[in-house]
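Welcome! Have the model open beside you, and let us walk through it one region at a time.

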Amino acid sequence: MPTIDALAERLSSYLEPEQINQVCRAYHYAEQAHEGQYRRSGDPYIIHPLAVANILSQMHMDPQSLMAAMLHDVIEDTAVPKDALVQQFGDTVTELVDGVSKLTHIKFESQEEKQAGNFQKMAMAMARDIRVILVKLADRLHNMRTLDAMPPDKKRRIARETLEIYAPIANRLGISNIRIELEDLCFNAKHPMRSKMIQKAVKAARGNRSELVDKISDSVKKRLKEEGLKARVMGREKHLYSIYRKMKEQKKSFNQIMDVYGFRIIVDNADSSYRALGFIHNLYKPVPGRFKDYIAIPKANGYQSLHTTVVGVGGVHIEIQIRTEEMEAMAHNGIAAHWLYKDEEDESIGNQRARKWIQGLLELQQRAGNPQEFIESVKLDLFPDDTYLFTPKGRIVEMPKESTPVDFAYSVHSDVGNTCVGCRVDQQLAPLSTKLYSGQTVEIITAPGASPNPSWLNFVVTSKARSNIRHYLKNQKHDQSISLGKRLLGGALSMFQLDLNEIEINHLEHLVKEFGAIDFDIILEEIGLGTRSPQAIARRIAMFALGEDNGVSSVTSEGVFSISGKEGGVMSYAKCCSPIPGDDIVGFSSAGRGLIVHTSNCKNMQDMLDQTDKCLPLIWDDNIREDFSVTLRLWVGSGRGLVAQLAALVSEADGNLEQISVDDKDATLSVVSLRIGVQGRKHLADVMRKLKKNKAVNKITRQKNAV
């Protein structure tokens, strides 16, 4: 069982006596706060924070992080208030503790919502101080080590959450020691039988392989020594979860995975790494296409190393990693290896990437609609960046696999993404949905006034692109809703012979207060989105402006709302009746969907006409210039090339053929469905006249009530 004395002795190797005393004081404070509390295992609760501090001490973390580790459950699980910690240990340690603490005072509707809310809180704290996540990772690691005391369902839930969020975060920050142990512990918790089987097989294979491993190791050491290169050579074993994942993803047997032998060569500097690579390739034949230079182009988490695969004696494949001592430390402890708080001017690759990623988290949080949307975006963003692309000026940009030019544009800057209209990949024009591969040069073409296309959401893969597109569309819908709401309310007020622009400001303020809105724009937005009735709001305004007894109940027939076709995403045309200019129309305000336009004789609309506060008469604007989809059904006789003839006739009448399908009724009669774009009833009549000229056409009808 760990003790504070043993921890103090370990800390003496890199901390000053005064700093160790501060950590010990935090331990004794936590011990007193948790007195009488026990873990499910039956151990005193203080064992847990002490173990978390021990994990951080192995990473040579600073005193404040160690103090926060000791105190990380005090606010959450004891009666000690946050203010008391500030008085005892200062603002910095208290903020670290608060960042790790869960949201215990808020009631959540589901476990998923609780998880998302807690993670969002922690991410905000990480943006202020990255040590929050390092304390949290150590906390989660000890919880996973002691998971056996939990019931099976809770075990699986915690393991799933750890595998989805915390292990990938450890990977993103380059802390492979914690990532590997978390993955293996999660694997054992989720699939205990599979874990035991692979563990047993690895143990058996290790005995069979030991002789060959020693032989390869001796051969490599001898060659490097002959060349005068100082190096450490060690065997590299795959961990259980890695073996299981490769077996599953690559559909390989255990023996196929274990047929590859792994070694690591540690040298004193980067130049020696490249020299060692040359000697290895001279000793063993390299496998084409299996060399990766992560020293020149580091991974997104700051990892640096040379990777190569060679063929040894007897055709055995050997995977070799070559790196410096500093790179080795970075590979195991990530950002903690070049500790951010030892030197404020430290600009190591790991720290730069960590800062950039956390800044990205902050941007995601600001654009996310709710905590669940935020955590889903983070999950997308947590997987390793494997594609390396170039800007036209030669700057390297790391992107996830299968990224598109739109993802690339948003990675450069959100404004570049928002105004993107095209791209060149390796100097050739390419679609924005093109999948990109390492080594390609990508040039983004922008245009002032351009805006994101909603269809981009169907192919972008990065959370930054997805959240920026959603954020832009959400704001665009907000503006469109206000504009439509203003027009709808203006039309409704004209029934009372009132003009919205002439309503006194105090009447509008009274309305805002009555409905508990932030401002009048919120009420206009709700009208535009269909969640408030323009007639009801107009009636309230009229009561303020005219008085309850001054004709509020008698309205004029004026103020019919006109449709211009420019209302955007807050207005749509009902698919059940497909209205087009020239049809008599009526509007229905649907909550969240805005204004839906139906034909006056639509069957679906008949059931809604009694909802007078949601229905309003509409007319078409004289200047509307849009294509509207309409479906025609043609009963036609048989004939060769008939479909092509019909398509040509639609084109002659300036119609836009969107879809065509044929349903054979019998040997002599077929029904052809044409969905075409027209500008109104007159244009539709022209198209139908053209089609009737074909002798094979017996009858044409406009299809209604088709979804």
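**A sheet with helices packed on it**

Let us begin with an open sheet of 4 strands, whose order is β18-β19-β17-β20 and whose pairing is antiparallel. Keep in mind as you look that this is a predicted model. At the edges of the sheet you will find β18 (656-664) and β20 (697-702), each of which pairs on one side only.

How many bridges join β18 to β19? There are 8 bridges between β18 and strand β19 (residues 669-678), and the two run antiparallel. To find a spot where they face each other, look for N656, which stands opposite G677 in β19.

The sheet also has helices against it. Helix α25 (residues 642-652) packs on the sheet and touches β17 (628-637), β18, β19 and β20. The direction of α25 makes about 150 degrees with that of β18. Helix α26 (residues 681-692) packs on the sheet too, touching β17, β19 and β20. Here the reference strand is β19, with which the direction of α26 makes about 145 degrees.

**Two pairs of helices**

Next, let us turn to helices that pack on helices. Such a pair is described by the angle between the two axes and the distance between them.

Take helix α2 (residues 17-33) and helix α6 (residues 82-100): they pack at an angle of about 155 degrees, and their axes are 12 Å apart. Angles over 145 degrees count as roughly antiparallel, so α2 is roughly antiparallel to α6. Their crossing is right-handed. On the α2 side, the contact is made by R25, A26 and Y29, while α6 brings A84, L85, Q88 and F89. Sorted by class, the residues of this contact of α2 with α6 are 5 nonpolar, 1 polar and 1 charged.

The other pair is helix α18 (residues 405-412) with helix α20 (residues 463-494). What angle do α18 and α20 make where they pack? The angle is about 85 degrees, and the axes lie 8 Å apart. Since 65 to 115 degrees counts as roughly perpendicular, α18 and α20 are therefore roughly perpendicular to each other. To see where they meet, pick out V406, D407, Y410 and S411 of α18, then K464, A465, N468 and I469 of α20. This contact of α18 with α20 has 4 nonpolar, 2 polar and 2 charged residues.

Notes: Residues are numbered from 1 along each chain as its sequence is written. This is a predicted model: local features need pLDDT of at least 70, side-chain atom pairs count only at pLDDT 80 or more; totals for chains, interfaces and linings use all residues. Side-chain values use heavy atoms; hydrogens and water are left out. Axes are lines fitted to C-alpha atoms, for helices over the stretch in contact, and angles run from 0 to 180 degrees between N-to-C directions. Angles under 35 degrees count as roughly parallel, over 145 as roughly antiparallel, 65 to 115 as roughly perpendicular and the rest as oblique. Contact means heavy atoms within 4.5 Å. Ala, Val, Leu, Ile, Met, Phe, Trp, Tyr, Cys and Pro count as nonpolar, Asp, Glu, Lys and Arg as charged, and the others, Gly among them, as polar. Two strands pair if DSSP finds at least two bridges between them. A crossing is left-handed if the near helix is turned anticlockwise from the far one by less than a right angle, and right-handed if clockwise.
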